[in-house]
Amino acid sequence: MQRSRILILWNQLDDDVYTHFRRDGRRAPDWDPTLQIEPWETGEEEMQLIQRSLEEHGHTVTMVNVRDNFDTMLDAIRTTKPDVVMNLVEFFRDDAELEHDVPALYELLGVEYTGNRPLALSLCQKKPQAKALLAAHGLPVPRGVVIESIDAAANLDLEFPIIVKPAFDDASGGIDAGSVVHDRSSLIARIDKMLHEHKQAALVEEYIEGREIHCAILGDRPLPLYEMQFKGGNDEHGKPLPKIITYRAKWDPYSREHHAVQGVCPVPDLDPALARTIEDVAMRAYRALGCRDYARVDMRVDSRTNQPYILEVNPNPDLAESCAFNASAKAAGLTYAQMICEIVDLAIARKAGPKKVVTGVDALLKEYLAKKQG
Ligand SMILES: Nc1ncnc2c1ncn2[C@@H]1O[C@H](COP(=O)(O)OP(=O)(O)OP(=O)(O)O)[C@@H](O)[C@H]1O
Ligand SMILES: [Mg+2]
């Protein structure tokens, strides 16, 4: 195994949501005092564990929180002169759209780094564009359309139930129990809310009733599938909880929605042929969007047809020990440290490998110039 100089870069300005929950102490949600909420790891603890994992494998590691400061980031790279940057920066100046500019800097500096390149990061973030590209590759995505004004909602050719999501958000922002609608008037009301309250175009999609399965990909292989199971139950007003991952399900451990979803890996009772199809769809989606190193493809499997539909490709899934990506790695027999080191090894191998494959137009241009000069 090659021992390298690794620089872990991440970006966090204020205390994260986990630090706040930690400060509250271990307490039960109001609606069920018998439940005890475990404090999750903070962003900083997550980074420290990644650092220890790499050090245990013999790497020399520096970890820098760039704190939204471009000079800090540049100085860290210039002073540590890393063989590889482990890139865990997810936004800049509070703007997730700047995420893809960070690896662009590594590219310009000629520094090797882990994870996805700027184009894949940017494309996956723009769900409508990503889905158009996936569809062009013949991959299954839910039928849907982007609505930018309420007039455009008049002639929608989609079947109910329908889900209304923000077209360009992530982390389930703007997704709540009312996002799935079953009739026209609720649809119009929901689109109106998205346009005027959330101030975003709406991505309006046919709702896929069925199991939600996520496929983590490491290097060039799918890891064991992970299911997000929905336990059902009612909210505090007695309304059934939706079978979707809402914002509260994801971020509020005191909410009923959070406790109504449970991740399971490996997926129980899944027909092996269907599992292979899901993995195949995920791998093809990963390649179609130009991903490398690691990603997670989230899908729903239509309960009537068994057809998996791609909801999104996450090019920077959370690598925390408690998260889905690691659950899949663990089910594949990898320790946490082995998973982290494998990601870094992919970047180390790239650095050691041939510099640039010249293809297509580059090759033609080279040929032309060679002829001209020769
Ligand atoms: N077409 C659909 N059919 C069924 N469920 C859907 C559909 N689209 C979204 N969902 C549900 O809503 C959740 C969030 O949707 P989506 O993944 O598109 O949003 P997100 O904000 O990008 O979340 P993430 O945090 O994963 O980036 C999904 O995990 C799924 O439960
Ligand atoms: Mg999602």
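This is a predicted model: local features need pLDDT of at least 70, side-chain atom pairs count only at pLDDT 80 or more; totals for chains, interfaces and linings use all residues.
View 1. I50, S53, L54 and E56 of α2 meet Y336, A337, I340, C341 and V344 of α12. Seven of the residues in this contact are nonpolar, one is polar and one is charged. Helix α2 covers residues 43-56 and helix α12 residues 336-352; their axes lie 9 Å apart at an angle of about 80 degrees. The two helices α2 and α12 are therefore roughly perpendicular to each other.

**View 2. The open sheet of four strands.** The strand order is β2-β1-β3-β4, and the pairing is parallel. Strands β2 (60-65) and β4 (112-113) are at the edges, each with a single partner strand, so one side of each has no neighbour in the sheet. Strand β3 (residues 84-88) runs parallel to β4 and is joined to it by two bridges. V84 has E112 in β4 as its bridge partner.

**View 3. Helices α3 and α12 on the sheet.** Helix α3 (residues 70-80) touches β1 (5-10), β2 and β3, and its direction makes about 175 degrees with that of β1. Helix α12 touches β1, β3 and β4, with its direction at about 140 degrees to that of β3.

**View 4. The protein chain as a whole, for reference to the close-ups.** The chain has 13 helices and 14 strands. Its C-alpha trace spans about 70 × 55 × 45 Å along the principal axes. Buried residues make up 36% of the 374 residues. Of the contacts with a separation of 6 or more, 68% are between residues 24 or more positions apart.

Key
Residues are numbered from 1 along each chain as its sequence is written. Chains are lettered from A and ligands numbered from 1 in the order in which they are written. A residue is buried if 20 or more other C-beta atoms lie within 10 Å of its own, exposed if 12 or fewer, and partly exposed in between; C-beta atoms are placed from the backbone. Two residues are in contact if their C-beta atoms, placed from the backbone, lie within 7 Å. Axes are lines fitted to C-alpha atoms, for helices over the stretch in contact, and angles run from 0 to 180 degrees between N-to-C directions. Angles under 35 degrees count as roughly parallel, over 145 as roughly antiparallel, 65 to 115 as roughly perpendicular and the rest as oblique. Ala, Val, Leu, Ile, Met, Phe, Trp, Tyr, Cys and Pro count as nonpolar, Asp, Glu, Lys and Arg as charged, and the others, Gly among them, as polar. Two strands pair if DSSP finds at least two bridges between them.
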